[in-house]
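The sequence and the structure are shown first.

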Amino acid sequence: MSGSFAVFARELKLAWSGGGGAALPVGFFAAAASMTPFAVGYDTVALQTAGPGVIWIALALSSLLPMERLFQADLEDGTLDAYASSGIAMEGVTLAKTLAHWIATGIPLALMSPILWIMLQGPVEASGLVVAASLVGSLAFFFFGSIGAALAAGMRRGGLLIALVTLPLYVPTMIFGAATLDAAASGADWVGPLMLTGSAALFGLATSPFGAAMALRTALD
Amino acid sequence: MAVMSFFANPHRFMAASKWPAWGFTALGVLLVAVGVYFGLFVVPEDFQQGDAARIMFVHVPAMWLSLFVYAFMAGASLVSFVWRHALADVAAKSAAPFGAAVTALGLVTGSIWGYPTWGTWWEWGDARLVSVLVLFFIYLGYIAIWSAMDTPQKAARAAAILCLIGAVNLPIIHFSVEWFSTLHQVQMKAADEFKYPMYIVALGYLALFGGLTLLNMRAEIMNTRAEMLIQRRQAAD
C-alpha cells in the first residue's frame, strides 16, 4: 500500500516538474472546442445546441492524449520492471499512475471546461455543474483510457490503437456526460445523468486497475 | 474438459479438423443458399413492407451471429487466459474476421433495409443499431491489437484481455445506448412471421463460421510451423 503511495507521489512530482507537459492537453482541449464556431457558425442558438456535445467530445479526446505515455515511458526505461520486482502490486501502480495523471491533467481540463462552456454561449449559472460533470467524466475517461494505455504500452504504433480500443469503452460516459451538460444548458433535471456519469467513473475505478495491471504484466514478460 | 485437453495438442487438432473444416464450409454454403432461396422466392411477401422485408433473411441471422461469434471469442479468450490453452488464442484470433464480417454485413443490410421502411439510411435513435456499431469497433480494435504486437505470445495475452474487457463492457454499453435512445424517438420494426428461412440461414452462417474458423486456425498453425522450420534452418546454417 505504501508502495502505491510512493508511486503516486513520484508521478505527481514528475507531472509538475515536467515543464508544463501535463497542461498540453488543456491547450488542445481549448483549441479543439474553439474550432466549433468556425464549423457550425457563430449563431447563438446553433452554438448552444452544439456546445455541450462538442465540449464533451473534446474532453474525451483530450483525456486520450496523456494515455500514450502513461505507461510507455516507465516501461521503456525499466521503472515498471523495478516496481514489479520490488513487490508492489501492479494494480496499485496502475491506479496510482492513473489518478496522479488525472490530478495533473484531468482537473485542469475540468477547470478549463466552464470557460469553453461560456464561450459556446452556455448559461453562466451552470458553470459549477459543468466543472462537476467534467471532473467526474474525465475521471471515467482516464480510467477506461488506462486500459488501452496498458494494452498499447509495449507497441510501436500505440497511440492510434489506444483510441481504437478505448473509444468504444467511452460510449456510456459519453452519453451520460453529454446528457448532463444538455440538462445544464436547458435547465432540465441534471441529477440523474450526473449520477450515471459518476457510476461510469466508479465502474472504471472498480475494473480498470485490474485490466490495466493484467495488460502491463503481459508487456513486462 | 476432456475435449479441451485432447485438442491442446496441435497435431491431434490438425488431424481431426481437416474434414470438418471443409465439411462445415460446404454445409454452410448449402444451407445459406437454401435459406436465401426460400426467403426470396418461396415465402409470400410481407403485407406491410412488401419485398423489402426479404432482406431480413440475410440481416437477422447476421446480427445473431455477430453476438454469437463475440461470445465464442470471449469464451476462447477466457480459456486461453486461465489455462493457457495452446489453441484457444488461435481459435479466438481466427474467429474475429468472420465476426467483424457478419457485423459489417448486418450493419450494411440493416442500413439498406432501413431506407425503404424507416425512410432513413441510419437512425441514431435505434439502440440496437448503435450498439452493433460499437460492437463493430470492438472487433476492429481486437483485430488491430493482434497485428500491432511484437510477439505472438504477447499479442495473444493482450487480445484476450481486450476481448474479456469488451465482453464485460458490452452489456453496459448496450444499456447506456438504450437509455440514450429513450431520449429520442424509438422506432419499432414490423413483426416478422417467416422464421424458417431465417433459421436455415442462421444455421448456414453457423456452419460457415465453424468451417471458416477451422480453416483459419489450420492456416495459422501451418504458418507457425513454417516459421519454426525457417528459424531452425537459419539456426543450422
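## Overall form of chain A

For a chain of 221 residues, a compact globule would have a radius of gyration near 17 Å; chain A has 18 Å, which agrees with that expectation. The model is a predicted one. Along the principal axes, the C-alpha atoms of chain A fill a box of roughly 55 × 30 × 30 Å. Of the 221 residues in chain A, 54% count as buried. Among the contacts in chain A with a separation of 6 or more, 80% are between residues 24 or more positions apart.

In secondary structure, chain A has eleven helices and zero strands.

Helix α10 of chain A spans residues 158-186 and helix α11 of chain A spans residues 191-220. The two pack at an angle of about 155 degrees, with their axes 8 Å apart. Angles over 145 degrees count as roughly antiparallel, and α10(A) and α11(A) are therefore roughly antiparallel to each other. Their crossing is left-handed.

| Helix | Residues in the contact |
|---|---|
| α10(A) | P172(A), T173(A), F176(A), G177(A), A179(A), T180(A), A183(A) |
| α11(A) | P193(A), L194(A), L196(A), T197(A), A200(A) |

By class, the contact of α10(A) with α11(A) has eight nonpolar and four polar residues, and no charged ones.

## The contact between chains A and B

Chain B gives 24 residues to the contact and chain A gives 23 residues. On the side of chain B that touches chain A, the elements that give two or more residues are α5 (127-148) and α6 (152-182) of chain B. The largest share of that side, 14 residues, comes from α6(B). By class, the side of chain B that touches chain A has 18 nonpolar, three polar and three charged residues.

## The setting of L47(A)

L47(A) is found in helix α4 of chain A, which covers residues 44-64. Is L47(A) buried, exposed or partly exposed? L47(A) counts as partly exposed, because it has 18 C-beta neighbours inside 10 Å, whereas a buried residue would need 20 or more.

Leaving aside residues up to four places away in sequence, L47(A) touches T36(A), P37(A), V40(A), Y42(A), L120(A) and Q121(A). T36(A) lies eleven residues from L47(A) along the chain, and their C-alpha atoms are separated by 7.7 Å.

Definitions and conventions. Residues are numbered from 1 along each chain as its sequence is written. Chains are lettered from A and ligands numbered from 1 in the order in which they are written. This is a predicted model: local features need pLDDT of at least 70, side-chain atom pairs count only at pLDDT 80 or more; totals for chains, interfaces and linings use all residues. Axes are lines fitted to C-alpha atoms, for helices over the stretch in contact, and angles run from 0 to 180 degrees between N-to-C directions. Helices (H or I, at least four residues) and strands (E, at least two) are DSSP runs, numbered from the N terminus. Angles under 35 degrees count as roughly parallel, over 145 as roughly antiparallel, 65 to 115 as roughly perpendicular and the rest as oblique. A crossing is left-handed if the near helix is turned anticlockwise from the far one by less than a right angle, and right-handed if clockwise. Two residues are in contact if their C-beta atoms, placed from the backbone, lie within 7 Å. Ala, Val, Leu, Ile, Met, Phe, Trp, Tyr, Cys and Pro count as nonpolar, Asp, Glu, Lys and Arg as charged, and the others, Gly among them, as polar. The radius of gyration is taken over C-alpha atoms; the globule rule is 2.2 Å times the number of residues to the power 0.38. A residue is buried if 20 or more other C-beta atoms lie within 10 Å of its own, exposed if 12 or fewer, and partly exposed in between; C-beta atoms are placed from the backbone.
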